[in-house]
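Work through the exercises below with the sequence and the model side by side. Try each task before reading its solution.

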Amino acid sequence: MAAGGDRGLPDAYRSPLASRYASPEMCFVFSDRYKFRTWRQLWLWLAEAEQTLGLPITDEQIQEMKSNLDNIDFKMAAEEEKRLRHDVMAHVHTFGHCCPQAAGIIHLGATSCFVGDNTDLIILRNALDLLLPKLARVISRLADFAKERANLPTLGFTHFQPAQLTTVGKRCCLWIQDLCMDLQNVKRVRDDLRFRGVKGTTGTQASFLQLFEGDDHKVEQLDKMVTEKAGFKRAFIITGQTYTRKVDIEVLSVLASLGASVHKICTDIRLLANLKEMEEPFEKQQIGSSAMPYKRNPMRSERCCSLARHLMTLVMDPLQTASVQWFERTLDDSANRRICLAEAFLTADAVLNTLQNVSEGLVVYPKVIERRIRQELPFMATENIIMAMVKAGGSRQVQRFLEEEVYPLLKPYESVMRVKAELCL
């Protein structure tokens, strides 16, 4: 069982991603505490910027908000949401309850998406920041493995049929190359993230223009100041009520691509485990099967494949959501995004945690690899014979002759040659 976050109570359903697979730090980034604390931080940044630009907000109000960022009454917020049927206003009231002096200026001029969407972008950025070093660490571990086995010959496979020789290290480099592409893509999408910023109900900033009595320069400054406070280099110039949902497509697409890479790597490891050439770590007290104690199942690689399949499917959610956003926004994105964004990151986190464990303990069996090479050497040698004949002036079409005339003659002796190859060991 992988180390996970809060496992909750046994009488209620909990997502296995949080209770079993993902790391505590990734679970925290998608937790209610982190989300609603960030809402309060955004309200504080907004008030600070509005005060700086001349709105009548006092230092006492600002200090009161600062002092209560972590003082969240979740029970009260739940009761308020049940009464108001609006999560943002429920938390405005809850925050205002512990900040009576500042209650009147909390959320001043803002719409719900000021906290909702901007918080989502902060969470996406921070979650990507958690994934990047984990992905880099897996690449580093595999690079060490590849260097150590760069010169260890192994039988290559095409169509999962014996082909020509490669090396164990070179094959691992195929995995590394895919993961390096993923690393570049994850970093790119992280660096391309833009803040929604301080926009109005339809993205026109009309409410803030009214607050600043038509001073559009101050409205632009407000947007810039809050963006900088949130740690973003730039914000969207144009939004509806929400930031474009194509951002979610971009983010989940690179995670889905990572899922495909991991699935391929771990499928290769599973096939090699069946061939007994390589296997993932197998602990001293680990049980491979409750009925067959001799089994050494590649359960970590199987877990990676299982979770990676889920990760690859999640990109369909933002694709469909972005396609059906009417005009400036509809609310049918909300429930879907609560699920797919969190699940994508928790799944990617779990996959990378498990793959790191696999990459740090891969075991290679050179004697088994050598035996398989010897079994196939008589057949691999025919390619060299063809090349030598062509160099001597013969036709490449001799391959047809070998396939139709020579190979059938060798077939009855194939098992004998394999036995001899094994005896050579």
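**Exercise 1. State what share of the contacts with a separation of 6 or more joins residues 24 or more positions apart.**

Solution. Start with the contact rule: heavy atoms within 4.5 Å. Of the contacts in the protein with a separation of 6 or more, 74% are between residues 24 or more positions apart. Next, burial. Buried means under 20% relative accessible area, exposed over 50%, and partly exposed in between, using a 1.4 Å probe and protein chains only. The protein has 425 residues, and 47% of them are buried. Then the secondary structure: 17 helices and 4 strands. These are DSSP runs numbered from the N terminus, with helices (H or I) of at least four residues and strands (E) of at least two.

The model is predicted: local features need pLDDT of at least 70, side-chain atom pairs count only at pLDDT 80 or more, and totals for chains, interfaces and linings use all residues. Residues are numbered from 1 along each chain as its sequence is written, and side-chain values use heavy atoms, with hydrogens and water left out.

**Exercise 2. Describe how helix 11 packs on helix 13.**

Solution. Locate helix 11 at residues 246-275 and helix 13 at residues 316-323. Their axes come within 8 Å and cross at roughly 165 degrees. Axes are lines fitted to C-alpha atoms, for helices over the stretch in contact, and angles run from 0 to 180 degrees between N-to-C directions. The two helices are therefore roughly antiparallel. (Under 35 degrees counts as roughly parallel, over 145 as roughly antiparallel, 65 to 115 as roughly perpendicular, the rest as oblique.)

Now list the residues. Lys 246, Asp 248, Ile 249 and Leu 252 of helix 11 touch Pro 318, Leu 319 and Ala 322 of helix 13. Sorted by type, this contact has 5 nonpolar, no polar and 2 charged residues. Nonpolar covers Ala, Val, Leu, Ile, Met, Phe, Trp, Tyr, Cys and Pro; charged covers Asp, Glu, Lys and Arg; the others, Gly among them, are polar.

**Exercise 3. Find the aromatic pairs and classify two of them.**

Solution. The whole structure holds 8 aromatic pairs. Rings of Phe, Tyr and Trp (its six-membered ring) pair if their centres lie within 6.5 Å; planes under 30 degrees apart are stacked, over 60 edge-to-face, the rest tilted.

- Trp 43 and Phe 95 are stacked, at 6.1 Å centre to centre and 25 degrees between planes. Trp 43 sits in helix 3 (residues 32-52) and Phe 95 in helix 6 (residues 87-98), 52 residues apart. Both are buried.
- Phe 157 and Phe 160 have centres 5.3 Å apart and planes at 50 degrees, so they are tilted. Phe 157 is partly exposed at 24%, and Phe 160 is partly exposed at 42%.

Finally, Phe 36, Trp 39, Trp 43, Phe 74 and Phe 95 make up one aromatic cluster.

**Exercise 4. Is Arg 85 buried or exposed?**

Solution. Arg 85 is in the loop between helix 5 (74-84) and helix 6. Its phi is near 60 degrees, a positive value in a residue other than glycine. Arg 85 has a relative accessible area of 71%, so it is exposed. Compare His 107, with phi near 70 degrees, in the loop between helix 6 and helix 7. His 107 is buried, at 11%.
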